[in-house]
Amino acid sequence: MSRSTENGAPEDLGGAPRRAGSPSRPLDRTERAVWLGLLSTHMRLLRTLDTELVAAERIPLSSFEVLLTVAEAPESRVRMKDIAASLLISRSGLTRIVDDLERQGLVVREKCPTDARGFDAVLTDAGRKAYRRARKVHLTNLRGEFLDKLTDDQLTALAGIWASVGLDDHAGTC
């Protein structure tokens, strides 16, 4: 919810004025630095996390994200469509990832007990062990390449920024 400040600029209820102007206006220097910084940090971090997971555990980041989603679910079981939705990937893309995880013996697909049309991905014992090893690699690199480079105040501010722009929908994962 928002209101207007004395000068008519929109303000969120937290008290910080929001930026005003035409939505299609060119980026200023600061906006460009923020946008390019977000993109380059994201790409660099994903590349590093993927490279390190493959080198250490032969598990690409996309597969790790599926393992994480299933491992942290009740009974280590999740509907395939729910995994795809939470990871923002297509169902066919998820099928390819789960096919690979299944060939490695890390997950199995089972009929959904509440809907015979659907399937659940279920973590195997080998999958749980692989997830635990990969999680250590993931967290070590996530911290070393990103989180530990920021102060507590910066982390708090960044979390607030993600909430302000609506990018914290999946903050409970990882």
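This is a predicted model: local features need pLDDT of at least 70, side-chain atom pairs count only at pLDDT 80 or more; totals for chains, interfaces and linings use all residues.
**View 1**
Let's start with the overview. Read from the N terminus, the elements go β-β-α-α-β-α-α-β-β-α-α. Helices (H or I, at least four residues) and strands (E, at least two) are DSSP runs, numbered from the N terminus. Of the 174 residues in the chain, 28% are buried. Here, buried means under 20% relative accessible area, exposed means over 50%, and partly exposed is in between (1.4 Å probe, protein chains only). The chain exposes about 11,700 Å², and carbon and sulfur atoms supply 55% of that area. Accessible areas come from the Shrake-Rupley method with a 1.4 Å probe; for residues, only the protein chains shown count as cover. Now take the contacts between residues at least 6 apart in sequence: 48% of them join residues at least 24 apart. A contact means heavy atoms within 4.5 Å.

**View 2. An open sheet made of 3 strands.**
The strand order is S3-S5-S4, and the pairing is antiparallel. At the edges are strand S3 (77-79) and strand S4 (107-112), each of which pairs on one side only. Two strands count as paired if DSSP finds at least two bridges between them. On average, neighbouring strands in this sheet are turned by 30° against each other, direction ignored. Helix H2 (residues 61-71) packs on the sheet and touches S3, S4 and S5. The direction of H2 makes about 105° with that of S5. For such angles, axes are lines fitted to C-alpha atoms (for helices, over the stretch in contact), and the angles run from 0 to 180 degrees between N-to-C directions.

**View 3. The hairpin of S4 and S5.**
How many residues lie between S4 and S5 in the hairpin? There are 2 residues between them. S4 and strand S5 (residues 115-123) pair in the antiparallel sense over 6 bridges.

**View 4. Salt bridges, of which the structure holds 10.**
A salt bridge is a side-chain nitrogen of Lys or Arg within 4 Å of a carboxyl oxygen of Asp or Glu. In one of them, Arg109 pairs with Asp99, and the closest N and O atoms are 2.2 Å apart. Arg109 lies in strand S4 and Asp99 in helix H4 (residues 91-103), so this pair ties together parts that are 10 residues apart in sequence. Arg109 is partly exposed at 24% relative accessibility, and Asp99 is partly exposed at 27%.
Another salt bridge joins Arg103 and Asp100, with the closest N and O atoms 3.8 Å apart. Both residues lie in helix H4, 3 residues apart, which is about one turn of the helix. Arg103 is exposed at 64% relative accessibility, whereas Asp100 is partly exposed at 27%.
Glu31 also bridges to Arg25, with the closest N and O atoms 3.6 Å apart. Is Glu31 buried or exposed? At 18% relative accessibility, Glu31 counts as buried, while Arg25 is partly exposed at 31%. Finally, Arg77, Glu110 and Asp120 are linked in a network of salt bridges.

**View 5. A nonpolar patch on the surface.**
Which residues form the patch? They are Leu27, Trp35, Leu36, Leu38, Leu39 and Met43, with about 550 Å² of accessible area together. Patches are made of residues with over 30% relative accessible area and no salt bridge: like charges are joined within 9 Å, and nonpolar side chains (Val, Leu, Ile, Met, Phe, Trp, Tyr) within 5 Å. Met43 lies in helix H1 (residues 29-57) and is partly exposed, with a relative accessible area of 49%.

Leu88 belongs to the loop between helix H3 (80-87) and H4, and is exposed at 69%.

Terms used. Residues are numbered from 1 along each chain as its sequence is written. Side-chain values use heavy atoms; hydrogens and water are left out.
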